[in-house]
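Please look at the sequence and the structure below, and then read the briefing that follows with both in view.

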Amino acid sequence: DTDGLPLRHTLDTIWRRRRLMGTLALVLAVITAVVTLVLPRSYTSVTTFMPQAPQGKFSQLSGLAAEFGFNVSASEPAASPAFYAFLLESRELLRTAVRTAYDLPLKDATRRGSLVEWYHPAGDTPAEREEAAIDRLRRDLRAATDAETGTVQLKVRNRSPRLAFEITSRLMELVSDFNLQKRQSQAAAERKFVEAQVKEAAGRLQ
């Protein structure tokens with residue numbers, strides 16, 4: 001660019017001010033080292049799982065029901081990886097995780113306590129501090145999905161490696177509890193469906 005500075009002029013300017021440039025580089029290096037040493041380290045616990053839709057009697061009978069004119073959908077949107085990623089970041093699940101007692105690491109020992117005690121969030125009331133702790137936990141975790149493999153990856157960041165692992169384990173326990181409740185509800189729905197079909201068949205036979 002003829003309107004810009006020639007390369008030679010730029011290099012001459014840098015050479016004449018080499019002391020200033022060297023001083024700035026040294027200052028930036030010192031600031032980087034100080035920030036690295038002062039800021040607390042963070043650790044990340046990572047786990048990956050694959051949601052699977054259970055094949056119950058309801059899904060098995062959906063094709064048979066369609067032959068008789070009943071529109072029964074066997075697909076389960078609640079079993080998709082995207083749903084579980086949303087579930088892991090939901091306020092209901094995080095609230096239970098925040099209220100759980102963990103081994104909080106202290107200087108010389110550990111004690112049981114909730115994440116509200118660990119984060120020390122701002123708030124005038126316990127409810128406000130709990131909501132602030134939920135927001136902090138949501139910022140410290142990330143749930144991502146892989147469309148190719150159909151998996152969900154959960155990452156939890158914390159200053160304590162052990163606490164990061166415990167929080168990750170607790171979130172996975174809550175997901176398992178949700179699956180158990182969902183299977184129980186599905187089993188109850190399947191039982192009612194089968195009972196209704198048997199009753200209808202008995203009525204027709206009579």
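Which residues of helix 4 (residues 81–88) are buried? They are Tyr 84, Ala 85, Leu 87 and Leu 88, where buried means under 20% relative accessible area, exposed over 50%, and partly exposed in between, with a 1.4 Å probe and protein chains only. This is a predicted model, in which local features need pLDDT of at least 70 and side-chain atom pairs count only at pLDDT 80 or more, while totals for chains, interfaces and linings use all residues. Residues are numbered from 1 along each chain as its sequence is written, and side-chain values use heavy atoms, with hydrogens and water left out.

- In helix 4, Tyr 84, Ala 85, Leu 87 and Leu 88 are buried.
- Seen down the axis of helix 4, these buried residues fall within an arc of 160 degrees, so they line one face of the helix; the arc is that of the directions from the helix axis to the C-beta atoms.
- On the other side of helix 4, Ala 82 and Phe 86 are exposed.
- Helices (H or I, at least four residues) and strands (E, at least two) are DSSP runs, numbered from the N terminus.

**A nonpolar patch on the surface**

- Leu 7, Leu 11, Ile 14, Leu 20, Met 21 and Leu 24 form a nonpolar patch on the surface, and together they have about 590 Å² of accessible area.
- Helix 1 (7–16) and helix 2 (18–38) each supply at least two residues of this nonpolar patch.
- Leu 20 has its place in helix 2, and Leu 20 is partly exposed, with a relative accessible area of 47%.
- Patches are made of residues with over 30% relative accessible area and no salt bridge, and nonpolar side chains (Val, Leu, Ile, Met, Phe, Trp, Tyr) are joined within 5 Å, like charges within 9 Å.
- A salt bridge is a side-chain nitrogen of Lys or Arg within 4 Å of a carboxyl oxygen of Asp or Glu, and accessible areas come from the Shrake-Rupley method with a 1.4 Å probe, where for residues only the protein chains shown count as cover.

**Asn 158 in strand 5**

- Asn 158 is found in strand 5 (residues 151–158), and at 4% relative accessibility Asn 158 counts as buried.
- Asn 158 and Pro 40 are 118 residues apart in sequence and 9.9 Å apart in space, C-alpha to C-alpha.

**His 120 in a loop**

- His 120 is found in the loop between helix 6 (115–119) and helix 7, and His 120 is exposed, with a relative accessible area of 64%.
- Although His 120 is not a glycine, His 120 has a positive phi of about 55 degrees.
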